[in-house]
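Subject: Structure for you to look at

Hello,

Here is the structure I said I would hand over. Please open it first, then read my notes below.

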Amino acid sequence: WLARGAAGLLGGRPKSRGAVRAGAMWLTGAAAPSGPWRLPRRPLRAPRRALSFAIPAFIAAAVVVVVASRAAAWALARAPLVARRPLAQPARPYAGECLSRRCSASGAAAPATAAIDVATAEDSAGALAGQGEEDSGNEPQATVDPAEEEERSRQLGLAVTAIASVGAVDTGYLTAVKLGQVQLMCPAAGDSCTKVLNSPFASIGPIPLAAIGFAAYVAVAALTIGAGTDWPKSEWLWWLTLAMTLASAGLLGVLLGILNTPCIFCAVSAMCSAALLALVEATKSKQAASAPRRAVLVLTGLVAGGALRAGSMAAPPREDSFYALTEKYKPNHPPVRTTSSEAEKALARHLKAIGAACYSAWWCPHCQEQRENFGAEAVELAPFVECAALTKGQLPICKEKDISGYPMWIINGKKYSGGRDLSELAELSGFSDFPKEAYRKRTDREVAYIWGEPEEPVGDATTVDL
């Protein structure tokens with residue numbers, strides 16, 4: 001599209017802008033435009049996936065490199081110099097055959113010409129030396145304030161520690177999720193987080209990869225705090241941040257090229273490692289009175305661009321996921337998959353008889369989970385009221401009831417926000433024909449199409465799946 005559009009624009013065809021726009025949106029991962037330039041709905045092959053990552057990564061890397069270079073130049077310009085000395089003039093090979101940028105055709109100059117050129121060169125060198133001595137004598141010697149340098153180093157050390165703390169919290173949470181200690185809360189749509197954590201790239205043997213990252217971030221914070229204001233001199237700190245950035249670059253390649261799914265937590269960790277390396281490199285170069293190495297800045301820019309891509313790309317939903325089902329059945333709810341017991345059907349009839357109502361929206365996953373709690377048979381008897389139109393706008397019937405969230409129950413004139421267990425609904429509505437144990441709570445596996453596949457429990461060694 002880009003090539004065809006560029007050729008069309010050069011040929012004087014203004015309508016070719018649509019091809020350029022379509023190609024740009026395809027490369028950046030945006031939604032495909034409609035109209036004559038609609039993109040075919042087929043999965044991207046490996047070269048196209050690599051290209052779709054390379055273009056935005058290159059742009060982001062260029063921006064990061066420019067910003068980092070400007071910041072480093074600004075920091076070096078503000079830093080006082082110890083002394084300014086005139087640059088030594090490079091010696092020229094006045095050997096007789098090449099003088100004053102002129103060489104004789106025979107390889108040797110005439111004696112008179114050589115004498116004149118040598119005298120001229122000596123006079124010029126003496127004049128430059130005298131001018132340099134005069135300038136160095138008139139300019140005052142600049143000195144470095146140790147207290148100011150120590151305060152600046154302390155502030156930069158606090159910044160390194162803060163970034164390392166963010167990375168430690170991020171990787172520590174993923175480690176706890178991987179070990180089954182806490183429940184995963186994925187900010188991305190679909191089951192992308194579960195797909196990443198359950199992939200073979202998430203562990204090295206029995207050790208979660210996030211645990212290694214957590215240990216690395218803790219080590220960075222410990223080295224920075226332990227060294228005090230001399231932390232930029234630590235070679236271990238520089239090599240550790242370099243290793244973390246290289247590891248992040250490799251994992252981003254796996255995430256974008258093989259798994260092809262977004263991961264907010266991975267993006268945060270990669271951004272933290274790139275920021276740590278850039279900050280350590282800039283501070284270390286400043287103390288050495290030299291410019292930061294461009295290769296290091298380019299590496300951090302590429303990793304930062306990959307992190308932005310990994311955190312902003314849209315993962316295609318699975319065909320059986322809730323988000324794909326809502327697109328298929330909207331403005332109706334997807335079908336309920338679980339079955340109902342007699343107690344659940346009796347509770348649904350009771351709620352409808354007393355005038356209770358559950359206000360829900362077809363696009364709301366919590367509403368779908370509430371419907372699953374009733375089961376396929378009881379949900380037809382329960383008093384569910386649809387609030388969302390096809391455009392996801394709220395219908396007038398729900399505006400009159402001042403419904404501010406979904407699902408929302410109104411039982412005996414009182415509002416109850418959020419999904420409720422059926423045993424709680426029975427208690428709130430005064431239904432006591434069945435005990436609480438009669439209402440079965442749906443398992444994580446039964447609602448996996450709504451929230452994604454649950455984490456496999458670590459379990460004990462005696463459990464064997466046949």
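Helices here are DSSP runs of H or I with at least four residues, and strands are runs of E with at least two, both numbered from the N terminus. Counted that way, the protein chain has 17 helices and eight strands. Please keep in mind that this is a predicted model.

**The chain as a whole**

The protein chain has 466 residues, and 36% of them are buried. Its accessible surface comes to about 27200 Å². Carbon and sulfur atoms hold 61% of that surface.

**Two helix pairs**

Two packed helices are described by the angle between their axes and the distance between the axes. I looked at two pairs in this way.

Start with helix α5 (residues 146-178) and helix α9 (residues 264-287). Their axes lie 9 Å apart, and the packing angle is about 160°. Angles over 145 degrees count as roughly antiparallel, so α5 and α9 are roughly antiparallel to each other. The crossing of α5 past α9 is left-handed. The residues of this contact divide into 14 nonpolar, six polar and three charged.

Next comes helix α12 (residues 342-353) with helix α16 (residues 422-429). Their axes come within 11 Å and cross at roughly 40°. That angle makes α12 oblique to α16. Here too the crossing is left-handed, with α12 passing α16. Which residues make the contact? From α12 they are Glu 344, Leu 347, His 350 and Leu 351. From α16 they are Leu 422, Leu 425, Ala 426 and Ser 429. The residues of this contact divide into five nonpolar, two polar and one charged. The spacing within each helix is worth a look on screen. An α-helix has 3.6 residues a turn, so residues three or four places apart point the same way.

**Ser 423 in α16**

Stay with α16 for a moment, where Ser 423 also sits. Is Ser 423 buried, exposed or partly exposed? Its relative accessibility is 23%, so Ser 423 counts as partly exposed. Leaving out residues up to four places away in sequence, Ser 423 touches Lys 436 and Tyr 439. Arg 440 is 17 residues from Ser 423 in sequence, and their C-alpha atoms are 8.8 Å apart.

**A covered helix**

Helix α13 (residues 365-374) is mostly covered, with eight of its 10 residues buried. The buried residues are Pro 365, Cys 367, Gln 368, Gln 370, Arg 371, Glu 372, Asn 373 and Phe 374. Gly 375 follows α13 and has a positive phi, near 95°.

**Gly 250 in α8**

Gly 250 is part of helix α8 (residues 235-259). Its relative accessibility is 40%, so Gly 250 counts as partly exposed. Val 303 is 53 residues from Gly 250 in sequence, yet 9.3 Å away in space, C-alpha to C-alpha.

**Backbone points in the loops**

Look for two cis peptide bonds.

- Lys 330 to Pro 331 is cis, with omega near 5°. Pro 331 lies in the loop between α11 (322-329) and α12.
- Tyr 406 to Pro 407 is cis, with omega about -15°. Pro 407 lies in the loop between α15 (396-400) and β7 (408-411).

Then look for positive phi in residues other than glycine.

- Lys 392 has a positive phi of about 70° and is not a glycine. Lys 392 lies in the loop between β6 (384-386) and α15. At 49% relative accessibility, Lys 392 counts as partly exposed.
- Asp 402 has a positive phi near 55° and is likewise a residue other than glycine. Asp 402 lies in the loop between α15 and β7, the loop that also holds Pro 407. At 55% relative accessibility, Asp 402 counts as exposed. The cut-off for exposed is over 50%.

**Where to begin**

I would begin with the α5 and α9 pair, roughly antiparallel, and then turn to the oblique pair of α12 and α16.

Best wishes

Definitions and conventions:
Residues numbered from 1 in each chain as written. Predicted model: local features only at pLDDT ≥ 70, side-chain atom pairs only at ≥ 80, totals over all residues. Heavy atoms only, no water. Axes fitted to C-alpha atoms, helices over the stretch in contact; angles between N-to-C directions. Parallel < 35°, antiparallel > 145°, perpendicular 65-115°, else oblique. Left-handed = near helix turned anticlockwise from the far one by under 90°. Contact = heavy atoms within 4.5 Å. Nonpolar A, V, L, I, M, F, W, Y, C, P; charged D, E, K, R; others polar. Buried < 20%, exposed > 50% of the residue type's maximum accessible area, 1.4 Å probe, protein only. Areas by Shrake-Rupley, 256 points an atom, 1.4 Å probe, with all protein chains shown as cover.
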